[in-house]
Each structure stands twice: as C-alpha cells, then as structure tokens.
Amino acid sequence: MLRSRGIHHYARSLALGLACAGAPLLARADAPPAPDAAAFNRSLQLREQWMYLTQGLAGPATWTDARQYRYRRTAPGGFEFVSRSVGQAGAVPAFDQARLATALSPLLGRSVQALRLPFSDYTLEADGRALRAWVDGGWMRCELGDAYRCARWSAPEREPRPRGWGVVRDLSMPADDTPQRSPDGRYEAQVREGSVVLRQLADGQTRVLARDGAATDFYDPESIVWSPDSSRFVVLRVVPGFARQVTRVETAPRDQVQPRVRTQLYPKPGDPVDIDRPVIFEVAGGRRIDVPTALFDNAYEITPPQFRADGRTLAFRYTARGHQRVRLVEVDAQSGAARSVVEEASKTFVNSWWYRAEFHDVGNRGEQIVWMSERDGWNHLYMVDGRTGRLQQLTRGPWVVRQIVKVDEARRQVWFAANGREPGDPYLQHFYRVDFDGRNLQHMTPGDGWHEISLSPDMNHYVDTWSRLDQPNITELRDARDGHLLDTVERGDASALFAAGYRAPETFSAPGRDGSTPIFGLVVRPTRHDPARRYPVIESIYAGPHDSSVQKKFWPFDSQSSNERLIGLQALADLGFIVVEIDGMGTMNRSKAFHDVAWKNLGDAGFPDRIAWHKAMAARDPSYDISGGVGIYGASAGGQNALNALQFHPEFYTVAVAYNGCYDNRMDKLSWNEQWLGWPVDASYSRASGVDNAHRMQGKLLLIVGEQDENVDPASTYQVADALIRAGKDFDLLTVPGTGHGVGRSQEPVDYIQRRKFDFFVRHLRGLSTPDWNQQGTR
C-alpha cells in the first residue's frame with residue numbers, strides 16, 4: 001500500500017457546507033466497462049511493465065573525438081552505454097556498468113542495477129578515466145580505472161553569482177572577484193571594494209582606474225572581458241533591479257519535526273531588472289570610456305559584450321523591455337561610439353526564446369554576421385553585412401528555422417535545424433546546410449521522421465538518430481560532405497513492446513478557427529479499443545507559446561520517472577477514454593502569424609482551434625464521444641490552460657486537472673511572461689488570470705500543487721483557491737508537501753498523484769464510482 005504524504009483539501013462554498021453540487025453523470029450503455037482496482041493498478045504499472053521491452057533504440061550521440069562517439073541504447077531489462085568508432089563494425093561497452101552499479105549502491109543507500117543506472121547521460125573527465133553524472137539531485141564523480149570508485153562531487157568554491165530568472169543578480173551571494181588575466185599574461189584586471197583595479201604582473205604595480213562603484217551603481221567583477229590584443233578591457237556597470245523574494249514553508253521536512261522557511265530570488269512581471277552598461281578601460285593610459293546608452297536604454301537584457309578578433313570593436317545583443325525591439329549593437333572600442341548593426345521590431349513580440357536569439361560573427365571581426373529573423377513572416381537565416389547592415393536572406397519559404405547548429409567558417413556553410421520544409425507533418429525536425437551566399441541548400445536527414453544529429457569535431461561525419469511515432473529509432477552514420485549513408489549504427493526493435501499491446505498514436509490534422517490552417521494532434525485509444533463503443537475524450541494540454549508540445553518521435557516513455565508522455569496518455573486511455581494532444585495557434589514552430597495569436601492573449605491557448613479539431617475528429621470517428629463534454633489536464637502553463645478551459649469554454653470542457661499552474665501571469669516569473677504579454681503590466685495579464693476570472697469557472701476542477709515549487713510561485717495556486725471560494729465555487733485542492741514543480745510527474749509520489757487524476761476523470765467524466773482507496777490501497 002502506498003504511504004502518501006499528500007494532504008487532501010476539499011474547498012467548498014460556505015453556503016453549501018461540505019455538500020457536493022450537481023448530480024453524477026449517468027454511464028452510457030455503449031460505454032466501456034467500469035474500471036476496477038485492478039484496472040487502475042494496471043495503468044499505474046504500465047510504464048514499468050513496458051519500459052524495458054525494446055532493443056537498440058539509441059539516444060543522440062556524443063562525439064568524444066574526431067573518430068569516436070558514444071550513446072545510450074535500450075537492451076532487454078534496461079539500458080546500455082556504448083561507444084563506437086567510425087569504421088568499427090559494432091559498439092563496445094563505454095564502461096563496466098556492473099562495477100559502476102556496485103560502486104554507486106552504498107553511496108545512494110540502495111541497490112543499483114547495472115542496466116538501470118540512475119542517469120541517462122554523463123560527462124567524461126580525466127581523458128576518459130572518470131565520469132561525472134547528475135544523480136538524485138546532485139553530482140556524482142566516478143573513477144573508471146582499475147578500482148571503480150564513486151564520490152559526491154561539489155562544484156568549485158567560486159561560482160558565478162546566480163541571477164533570478166536571468167535578469168536580477170542575487171546580491172546576497174558573494175561575487176567571484178578573481179582577477180582576470182590579460183591574453184598576453186602581463187596584466188590582471190579586478191573589481192575590488194567598488195573600484196576597478198589594474199595590476200601589472202611583472203612588478204606588482206597597481207593602478208586604480210575607477211573608484212565610483214557603489215551598492216546602487218556597482219561594477220560587476222564577473223563581467224570583465226579583455227580585448228584580444230590586451231590593450232583594453234570592458235566591465236559592466238550595474239544599477240541593481242528589485243530583489244523580490246518568494247517565501248515558501250516546507251511543512252513536513254524529512255530531517256526535522258518543525259517546518260522550515262525557504263526563500264528564493266524571484267523577479268515577477270513589472271519588477272525593475274538589473275540595468276547593465278558597458279564601460280571600457282584602456283591599459284596604456286588608464287582612460288575610461290563610458291558607452292552612451294541611447295541604443296540600449298530600457299533593456300530587458302544585453303548579452304555579455306564580446307570583443308571582435310581585432311579588438312577594435314565589441315558587440316552585444318540588446319532586447320528591449322517588452323520584447324518588441326532587438327538590436328545588435330556594435331561599440332567602437334577606442335571612442336565608445338555605439339551603432340545599431342541590425343534591428344528587429346514588431347508590433348507584437350520579437351521571439352527571443354530558446355535558440356531564436358542567436359547570432360554568429362563570421363571570423364569574429366563583425367564583417368559578416370549570421371542572424372535569425374521573422375521579418376518575412378517565417379523564422380529564417382540571414383547574412384548581415386556588418387559595415388552597412390544590409391541583409392541577404394539565406395533561407396526562405398513557408399517553413400521554420402529552429403536553431404543554428406554550426407557555422408562552418410572553413411567551408412563557409414551554416415548547418416541548421418528546421419521544420420515544415422518537407423512534405424507531411426510540418427513539425428518534424430530535419431537538418432540542413434546552406435552556403436554563406438544562400439546557395440546550395442542541402443537536406444542532410446532524408447528519413448521521414450524527427451531527427452537529432454551530432455556533428456564530429458572535424459566536421460567530416462555526423463550521427464543522425466531519427467524516428468516517428470510509428471517508427472522506432474534508427475541511428476545512422478553519414479558523411480558530412482554530401483550526407484551519404486556510411487553505416488546503420490542501430491535499428492531499434494520494438495516488436496516485444498508492440499506484442500505487449502502498445503499501439504502507436506494516430507496522427508490527425510483538421511482546419512483550425514479560420515477554416516483553413518491545419519492544426520495537428522495525436523490520438524491515443526485504449527489498448528483494447530472497441531470501435532462499437534463510445535469513449536469520453538480527455539485532452540492533455542500544454543499551450544506555452546515558447547514551444548510546440550505534441551510528441552513526434554517514437555520513444556513513448558519520459559526520461560524521468562514520469563507518467564506524462566505517451567505512456568501516461570495510454571495509461572489514462574486504458575481506463576475507458578480516448579486521450580489526445582493538440583498544438584493550437586499561439587504555439588511556436590509555425591509562421592509568425594500563427595504564433596502571434598498568443599500576444600497579450602494567453603487565455604486563448606488555441607482553444608478555438610482545439611475545439612474545431614475535436615469536432616472534426618468526432619465527425620470522423622463514432623467512438624470519439626464529446627457529447628458529454630471533454631476533460632482536460634496540464635501542468636505549469638498547461639495547468640493555467642486547463643483552468644482557463646473551464647472558465648472560458650465551459651460549454652465544451654467540463655472536467656479539469658491542473659498541476660502547479662501559472663494561473664495569474666503577474667505571479668509568475670518575469671522572463672517568460674513579459675515575452676508574451678509585454679511590458680508594462682497591463683489589462684492583458686488580468687484577462688488571462690485564473691484569479692480574476694474565477695467567477696466564470698464551471699464544471700469539475702482538481703488543483704494539484706507541490707508546495708516547494710521553484711518554477712511557479714505556489715501562492716499562485718492558493719490565490720486561485722481563495723478566489724474560487726469567494727466566488728462560491730466547488731473544487732478539489734491537493735497540496736503535496738516537500739515537492740516542487742514536477743510533482744506527480746517527475747517527483748514522487750508519482751503513483752499517488754496519477755491515481756488521483758485517474759480517479760477524478762473516471763468519477764466526473766465517466767460518471768462512475770471508483771474503489772474505496774482507503775480500504776483498497778494501491779501499490
């Protein structure tokens with residue numbers, strides 16, 4: 001029986017006391033049979049039963065040198081870490097997993113199996129004689145020589161001062177003020193007690209170049225960057241932002257009886273951020289050059305300034321507060337004069353998320369710059385003339401460049417990932433190469449699926465691992481000159497998984513709200529689906545604008561101990577549902593117009609597209625039953641989406657489970673929310689707020705929150721609960737002590753939280769009673 005640490009709160013309106021409002025749904029005669037306790041437990045155990053039934057499904061490769069690469073692949077009962085060289089007939093063990101498991105067991109206080117090592121990737125050290133891996137929330141370092149030995153590993157004592165969500169320095173933590181040596185080895189620059197100090201190493205002579213640093217306007221000792229010729233250096237001067245602290249109470253710590261108070265630096269939308277200004281100091285005369293800030297005032301951030309190879313200029317990318325303007329700023333290192341080399345501006349947002357903010361100096365002299373832009377309505381590559389600012393478009397068409405993989409200056413080519421160029425599903429990731437002049441665009445990953453590649457250090461080879469929902473992983477070694485196949489490294493075998501009952505999800509597309517734009521999703525039916533029966537529908541949602549979320553590759557299991565990928569959808573479906581995922585408008589990796597739907601409109605979450613998709617699917621499949629309303633669940637941004645579904649579309653969505661949602665964007669992290677809702681904080685934040693719209697909520701709602709969430713302030717959940725109570729709404733609230741943002745998905749108690757979700761949908765969407773779990777229990 002599971003011993004739960006959860007606390008179950010039933011929030012009810014004062015007028016109704018503890019009574020439940022509404023009569024239960026009536027089960028349909030043509031519905032699937034009611035699940036019993038054994039069915040629930042089968043679903044909870046499904047991941048463990050199916051996880052180890054494949055062979056040769058390899059993850060992405062990592063090159064250890066120009067000829068050798070390593071990867072992890074599935075094997076009966078677990079995973080093998082192997083390595084292989086170009087031209088080698090087969091893979092060999094990367095290390096002795098049995099010996100490593102033996103060395104780890106006493107350190108972790110549990111038995112570790114050789115084929116189930118508690119990490120999925122590692123870093124080699126000491127010329128391959130040791131590895132370091134993240135295990136159980138900390139680093140482990142293991143020697144791989146004659147005696148396998150493991151020990152907990154701590155980072156070096158001096159680490160960079162942390163920043164709250166990247167925009168506010170944690171001034172409660174000491175900065176690393178280690179002197180920074182010049183490239184020629186003659187000088188050291190340092191910020192010490194508010195002053196900028198230069199020391200000549202030959203005789204120890206010290207000069208103070210600036211004395212005006214103060215707590216309210218300080219020099220950042222971690223920002224010093226030398227010019228390549230050692231003639232000058234740059235340091236950032238900082239006006240600190242607002243150090244907002246979020247306070248959480250750990251109510252049931254494992255190591256003591258009394259609760260513990262925790263605090264976290266957590267900037268929120270509208271808060272002042274750190275303002276950085278570059279200051280240049282010359283070595284010869286100690287001259288100080290303050291860079292005029294007109295081109296980067298009101299910054300959300302500037303990237304760390306970097307000198308070009310000749311030392312004459314330095315450059316950084318500026319993002320304006322509100323994310324509607326981005327500039328590449330170049331500074332003359334002698335005069336301090338700044339100019340805008342290239343600029344992006346938008347009436348909505350300039351997408352700076354993930355890899356969309358990259359730029360690359362060709363030759364690091366600023367004469368040519370590889371740049372990404374959505375200025376033609378699709379994210380594409382451009383070559384910028386660094387002298388004139390003129391742009392030459394390298395890629396074009398109704399498809400999306402996802403990221404720059406490698407700028408090969410020797411061959412004057414750019415390798416990049418993109419989607420939408422090949423026929424079929426526009427979300428499938430492929431890799432390409434194009435010359436610096438925009439000619440000779442070459443598709444380097446011909447397999448019909450989702451691709452991930454790893455280029456060898458000498459750019460002569462690459463490993464391509466690809467799959468589809470219905471195609472297990474294939475790993476290929478290819479020649480980087482022309483992409484031709486050299487060897488099939490691994491071909492995954494999932495026959496045992498399919499024999500156990502696994503079925504690949506169905507992919508489906510239907511026109512969205514405009515009647516023409518195709519909306520893509522997937523459908524998971526019960527293992528024993530009977531097309532003559534009618535199955536209620538549940539949608540797993542994540543409409544965060546920073547990505548698209550519907551899975552495209554084969555691997556149905558999350559890399560962590562989570563039930564939230566395809567196997568989680570299957571486990572829920574096996575209780576008598578059809579479960580789907582959909583990417584609606586407002587999410588990324590389509591056109592800018594598709595993405596712009598999210599601008600100041602997070603409450604939309606693509607619901608009009610999703611509802612149209614559901615109706616098209618129901619018209620196609622008689623077993624797809626949306627007549628009694630659709631269920632929905634999600635976490636984080638998906639938690640906000642799930643609640644909004646009951647607030648803004650209660651005529652369609654009737655039951656929701658929401659985990660750790662950012663229900664009011666004013667309560668969430670500054671960086672993510674200002675990207676999509678802008679700055680200053682305005683009415684758009686309120687329009688999407690689950691708090692301000694609590695009175696609109698209808699249907700059945702289960703809120704789940706991990707009280708130690710470091711990603712989304714858990715107070716956001718409690719403020720929704722408070723607003724729902726004041727609005728007289730009935731809902732369920734499950735608070736799980738000691739857990740964070742991954743509660744019930746990547747953090748224990750996974751089975752308990754999943755069972756509560758399963759139970760909620762069976763009772764409220766299928767109208768069935770569920771086992772008395774206090775009597776029955778689960779594993």
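These are my notebook entries on a predicted model.

**Arg327**

I started with Arg327, which sits in strand E26, residues 325-332. Is this arginine buried or exposed? I found Arg327 buried: its relative accessible area is 14%, and the cut-off for buried is under 20%.

Next I looked up the polar partners of its side chain. The side chain of Glu343 makes a polar contact with that of Arg327, at 2.6 Å. A polar atom of the Arg327 side chain also lies 2.8 Å from the backbone oxygen of Leu295.

**Sheet E28 to E31**

I traced an open sheet of 4 strands, ordered E28-E29-E30-E31, with antiparallel pairing. Which strands stand at the edges? They are E28 (359-362) and E31 (391-393). Each has a single partner strand, so one side of each lacks a neighbour in the sheet. On average, neighbouring strands here are turned by 30° against each other, direction ignored.

I checked one pair in detail. Strand E30, residues 380-385, is joined to E31 by 3 bridges, and the two run antiparallel. Val384 stands opposite Leu391 of E31.

**Nonpolar cores**

The largest nonpolar core holds 48 residues. Those with the most contacts inside it are Leu572, Phe577, Tyr633, Val657, Ile704, Ile753 and Phe761. A second, separate core has 46 residues, among them Ile578, Phe652, Ala658 and Val720.

Leaving out residues up to four places away in sequence, Ile704 touches Val657, Ala658, Tyr659, Asn660, Leu734, Val743 and Ile753.

How values were computed
Residues numbered from 1 in each chain as written. Predicted model: local features only at pLDDT ≥ 70, side-chain atom pairs only at ≥ 80, totals over all residues. Heavy atoms only, no water. Buried < 20%, exposed > 50% of the residue type's maximum accessible area, 1.4 Å probe, protein only. Polar contact = N/O pair within 3.5 Å; in protein donor to acceptor, adjacent residues only side chain to side chain. Core = buried A, V, L, I, M, F, W, Y, C linked by side-chain atoms within 4.5 Å. Contact = heavy atoms within 4.5 Å. Pairing = 2+ DSSP bridges. Axes fitted to C-alpha atoms, helices over the stretch in contact; angles between N-to-C directions.
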